[in-house]
Amino acid sequence: MKQAVTHYPCYINGEWLKSSTRESIEVENPASNQVFATVTACNIEDVQYALETSEKAQLSWGLLPAQTRANYIYAIVDRLKLEREHFAKLLVMEQGKTWPEALGEVDDTVRYLIYSAEAGRRIQGAVFPSENPEERLTIYKVPYGVTVALCAFNYPLALIGRKLGPALVTGNSIVLKPHELTPVTASEFCRLVHDAGVPKGIVNMVSTKSAKAASLLVESPITKLISLTGSTNAGRAMYRAAADNITGMILELGGKAPFIVCHDADIDKAVEAAAISRYANCGQVCICNEMVMVDEKVADEFTDKLIKRVKEIRVGNPFDSNVQMGPNVSKLGLERVDGLVKENITQGAELVLGGGRPDGKEFEKGNWYEPTILTNVKNGQATTKNELFAPVLPIIKVSGFEEAMSMNNEREEGLSAYLYTNDYRIHEKAIDSLQVGTIFINRGIVGYIQGYHSGHKTSGLGGEDGIYGIDEYLQKRTIYMDYSK
């Protein structure tokens, strides 16, 4: 039976774009590769219109009290809560995450938005003493203007909440561009924005197949701030494209997080964390465990227990609440990773688990890959050299923490790292010297709303979440005022 295909339009200046005169983007369900939806593909004129209307609307939006802006965000939240399961269903269908993970993403989006709305009462400037009598020196925080939010495919809804909430509460307007693999959720989210009565032009959403149209979002002088979640190569391209206008940047880019296990670690606790932080969301989390670096003294014990634990991961229909891992969203990305696995085997790595499509009729179509483990891997080989973003885990034996830290610090990326040891001296050394934006010490993967998510080196610029993340969406304006007669 042929599956029904639903069309979702883009949203500009409070209106839904007509699809009859425009191309469409086909959206596949990664579990079956069946097209289940189409989304309007904006042309370059549409993108220009989105930028212009966003700029016009922001002028009055930025003058509203922050709490008034926050109330609009609360109104969006109220509607999202009522449609929790609807949005979770969309996430499963377009991204492939499991039903529990999808529900969790909706809940995370709610938390992102609420935190931002609450921050409306906490935007702070500063007053400093002047050097003259009857004079004031004050520093205000003001919005940038038009913010362009470029969202990755791994969290289509949460990344909207993570970017839109801070942008709106601080007085910016926003143009959302979802990834072409996952634009459905963004379109539906804009329906909530519309129903919440957010003024026209404050939130615009464009999806496109045109490279020129996409480039305009970054190159336009109207754009004053860009928030990107994507690969390091994408970040470099954005940086170059926005250089002429000296556009503000928040870049959360690629990572290659090491999972360092020292000889004194709680092995059972480390194994559980290593499994969850690698195979969550089919390995498609920027701060995922990308490679284990385990002390050779405990490597065999750790590896044996990890293989046993990973064998328990149930792969299958993501709508089944008993399933722990669904398909990968990107067919091309999975093919790339499968090539890296095969290359690493030719380099001497041993495939001890997985390494291909699961057996069974339900896996004949779709972007499926077994939970995979490679041992006897050396630093610099195929699966350690490249970010995987898939359910593949290489294991490297090291002589201790110093060697693991050296391997990590030699890399160009610096997003996150995991460290399991009970030696407080190593804890302190890692905090001082491990060149990453986030360190999980005896802790599995997590991301609290009040934390700060940022990368070092080529893993990013600026960051998101918490009070520091809110501050990224504000510029400082210094006032010297003489009130003498």
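Predicted model: local features only at pLDDT ≥ 70, side-chain atom pairs only at ≥ 80, totals over all residues.
Local features need pLDDT of at least 70, side-chain atom pairs count only at pLDDT 80 or more, totals for chains, interfaces and linings use all residues, and side-chain values use heavy atoms, with hydrogens and water left out.

**View 1**
The largest pocket holds about 1100 Å³ of space. On a 1 Å grid over the protein atoms alone, a pocket is an open set of points with protein on both sides within 12 Å along at least five of seven lines, a cavity is a set of points where a 1.4 Å probe fits but cannot get out, and lining residues have an atom within 4 Å of a point. Grid points are joined across faces, edges and corners, and a volume is the space filled by probe spheres set on the points. The lining of this pocket comprises 47 residues, of which H179, G230, S231, T232 and A234 are the closest to the centre. Two or more lining residues come from each of α7 (211-219), β11 (223-229), α8 (232-241) and α11 (331-346); helices (H or I, at least four residues) and strands (E, at least two) are DSSP runs, numbered from the N terminus. Helix α8 provides the largest share of the lining, seven residues. By class, the lining has 21 nonpolar, 16 polar and ten charged residues, where Ala, Val, Leu, Ile, Met, Phe, Trp, Tyr, Cys and Pro count as nonpolar, Asp, Glu, Lys and Arg as charged, and the others, Gly among them, as polar.

**View 1. The second largest pocket.**
The 34 residues that line the second largest pocket include D108, I287, I445, V446 and G447, the closest to its centre. The elements that give two or more residues to this lining are α4, α5 and β20 (438-441). The largest share, seven residues, comes from α4. The lining of the second largest pocket divides into 17 nonpolar, eight polar and nine charged residues.

The largest cavity has a volume of about 70 Å³, and its lining consists of Y112, Y115, S116, R162, P166, I449, D465, G466, G469 and I470. Helices α4 (99-118), α5 (158-169) and α15 (466-471) are the elements that give two or more residues to this lining. Five residues of the lining of the largest cavity are nonpolar, three polar and two charged.
In the second largest cavity lies about 30 Å³ of space, lined by I250, L251, E252, H453, S454, G455, G462, G463 and E464. Strands β12 (248-252), β21 (453-454) and β24 (463-464) each supply at least two of the lining residues, and β12 gives the most, with three. This lining has two nonpolar, five polar and two charged residues.

**View 2. Packing of α9 on α10.**
Helix α9 (residues 267-279) packs on helix α10 (residues 299-311) at an angle of about 50°, with the axes 9 Å apart. Axes are lines fitted to C-alpha atoms, for helices over the stretch in contact, and angles run from 0 to 180 degrees between N-to-C directions. The angle makes α9 oblique to α10; angles under 35 degrees count as roughly parallel, over 145 as roughly antiparallel, 65 to 115 as roughly perpendicular and the rest as oblique. The crossing of α9 and α10 is right-handed, a crossing being left-handed if the near helix is turned anticlockwise from the far one by less than a right angle, and right-handed if clockwise. In the contact (heavy atoms within 4.5 Å), I267, D268, A270, V271, E272, A274, A275, I276 and Y279 of α9 meet E301, F302, K305, L306, R309 and V310 of α10. Ten of these residues are nonpolar, none polar and five charged.

**View 3. Packing of α1 on α7.**
Helix α1 (residues 44-61) and α7 pack at an angle of about 20°, with their axes 8 Å apart. The two helices, α1 and α7, are therefore roughly parallel to each other. Residues I44, V47, Q48 and L51 of α1 meet K212, A213, L216 and L217 of α7.

How values were computed
Residues numbered from 1 in each chain as written.
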